[in-house]
Amino acid sequence: MAWFLNHYKCDRCRRRWADEWSCMCDDTCPHCGARDMTPYESEELTTLGLKHEVPLEYWITRFRG
Ligand SMILES: [Zn+2]
């Protein structure tokens with residue numbers, strides 16, 4: 001499965017963050033809560049040979065919770 005490290009910059013508070021996801025999906029700003037921020041850059045971790053110990057269910061729970 002492909003795995004991405006997405007880099008975001010918030011349009012509202014101008015802060016940056018990065019998050020890992022199984023696709024290049026939008027994220028919510030962890031600083032001000034602005035929704036649907038699109039990544040300005042995305043690295044495909046699977047091509048870098050990195051292995052993830054965190055199961056996908058963890059991220060699903062985190063983002064839905
Ligand atoms: Zn923000």
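Hi everyone, let's start with strand β1, residues 4–9, which pairs with β2 in the antiparallel sense over six bridges. Strands here are DSSP E runs of at least two residues, helices are H or I runs of at least four, and both are numbered from the N terminus. Two strands count as paired if DSSP finds at least two bridges between them.

A quick note on what you are looking at. This is a predicted model, where local features need pLDDT of at least 70 and side-chain atom pairs count only at pLDDT 80 or more, while totals for chains, interfaces and linings use all residues. Residues are numbered from 1 along each chain as its sequence is written.

Now the overall order: from the N terminus, the elements run β-β-β-α-α. Strand β1 also pairs with β3, again antiparallel, over four bridges. Look at Phe-4: its bridge partner in β2 is Trp-21, and in β3 Phe-4 stands opposite Glu-44. The hairpin of β1 and β2 has six residues between the strands, and there Arg-14 takes a positive phi near 70°.

Next, where does Cys-29 lie? Find the loop between β2 (16–21) and β3 (41–44), and you have Cys-29. Why is Cys-29 buried? Because 20 other C-beta atoms lie within 10 Å; buried means 20 or more, exposed 12 or fewer, and partly exposed in between, with C-beta atoms placed from the backbone. Buried residues make up 5% of the 65 residues in the protein.

Leaving aside neighbours within four places in sequence, Cys-29 has contacts (C-beta atoms within 7 Å) that include Cys-10, Cys-13 and Met-37.

Terms used. Two residues are in contact if their C-beta atoms, placed from the backbone, lie within 7 Å.
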